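Good morning, and thank you for making time for this presentation.

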Amino acid sequence: MKRTGFGLFVAGALLLLLGLFLSAFAGASVMPSYLADWLFWSSLPLGALPVVMLLDLAGPDAGFGLGPTLRSLLWLTPLAGLLMIPVLVRPADLFGWANGHGFSTPLGHDWMTHDAFLIRSIIYFVLWSFLALLFVVPPMPGTAHRRRGVAAIGLFVYGLSATL
């Protein structure tokens, strides 16, 4: 079983490298469809995260049995971050601001640059991956009250970062 998992990991890493290589030489017509696919597939773990935090905030009896399924989706959050690498490599094919279409305000000029986009994206996915790994395990019976406080803070941080 371990060999199969390692083989799948190696195959996935090679496919990711192939995707990076092809995205470096592909035309602009490939990247919008990749972004649409990435948004679709990453919505599963990124959408499960606030729901799991809400379930932990509501208490151990909430969720009608959805908790284990949603928690298993959280394992995909770091993978969604890795699959965003082609978008981070070629933002000019997707976004007008990356082609030098400037903004009139100083904040817009500083916020909408390739470097700022890259840094923001990495920080967000590290943060979301940390939250996902924190909430992938259900709370212990005696620690549900402590988990509620962490869930409230996590929801605030997630909501703020998702809107920025």
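I shall go from the overall fold to the helix packing, and then to the aromatic side chains.

First, some conventions. This is a predicted model, in which local features need pLDDT of at least 70 and side-chain atom pairs count only at pLDDT 80 or more, while totals for chains, interfaces and linings use all residues. Residues are numbered from 1 along each chain as its sequence is written, and side-chain values use heavy atoms, with hydrogens and water left out.

Let us begin with the overall fold. The protein has 8 helices and 0 strands. Here helices (H or I, at least four residues) and strands (E, at least two) are DSSP runs, numbered from the N terminus. Along the sequence the pattern therefore reads α-α-α-α-α-α-α-α. The C-alpha atoms fill a box of roughly 55 × 50 × 20 Å, taken along the principal axes.

How much of the protein is buried? Of its 164 residues, 31% count as buried. Buried means under 20% relative accessible area, exposed means over 50%, and partly exposed lies in between, with a 1.4 Å probe and protein chains only. As for contacts, meaning heavy atoms within 4.5 Å, residues 24 or more positions apart account for 74% of those with a separation of 6 or more.

L18 is located in helix α1, residues 2-25. With a relative accessible area of 43%, L18 is partly exposed. Between L18 and R147 there are 129 residues in sequence and 41 Å in space, C-alpha to C-alpha.

Axes are lines fitted to C-alpha atoms, for helices over the stretch in contact, and angles run from 0 to 180 degrees between N-to-C directions. Angles under 35 degrees count as roughly parallel, over 145 as roughly antiparallel, 65 to 115 as roughly perpendicular and the rest as oblique.

The axes of α2 and α7 are 10 Å apart and meet at an angle of about 50°. The two helices are therefore oblique to each other. Their crossing is left-handed; that term applies if the near helix is turned anticlockwise from the far one by less than a right angle, and right-handed applies if clockwise. On the α2 side the contact involves W38, L46, L49, V52, M53 and D56, and on the α7 side F125, W128, L131, A132 and F135.

Next, α2 packs with helix α8, residues 144-163, at an angle of about 145°, with the axes 8 Å apart. This crossing is left-handed. Among the residues that meet here are L46, L49 and M53 in α2, and R147, A151 and Y158 in α8.

What is the angle between α7 and α8? It is about 155°, and the axes lie 11 Å apart. That makes α7 roughly antiparallel to α8. Again, α7 passes α8 in a left-handed crossing. The contact includes Y124, W128 and L131 of α7, together with V150, G154 and Y158 of α8.

Leaving aside neighbours within four places in sequence, W128 is in contact with L46, L49, T77, Y158, S161 and A162.

That leads to the aromatic side chains. Rings of Phe, Tyr and Trp (its six-membered ring) pair if their centres lie within 6.5 Å; planes under 30 degrees apart count as stacked, over 60 as edge-to-face and the rest as tilted. By this rule there are 8 aromatic pairs. One of them joins W38 and F125 edge-to-face, at 6.0 Å centre to centre and 65° between the planes. The pair links distant parts of the chain, with W38 in helix α2 (residues 30-58) and F125 in helix α7 (residues 114-135), 87 residues apart. Both W38 and F125 are buried.

Which residues form one aromatic cluster? They are W38, Y124, F125, W128 and Y158.

Finally, the charged end of R120 sits over the ring of W111, 4.3 Å from its centre. This description requires NZ of Lys or CZ of Arg within 6 Å of the ring centre and within 35 degrees of the ring normal. Thank you for your attention.
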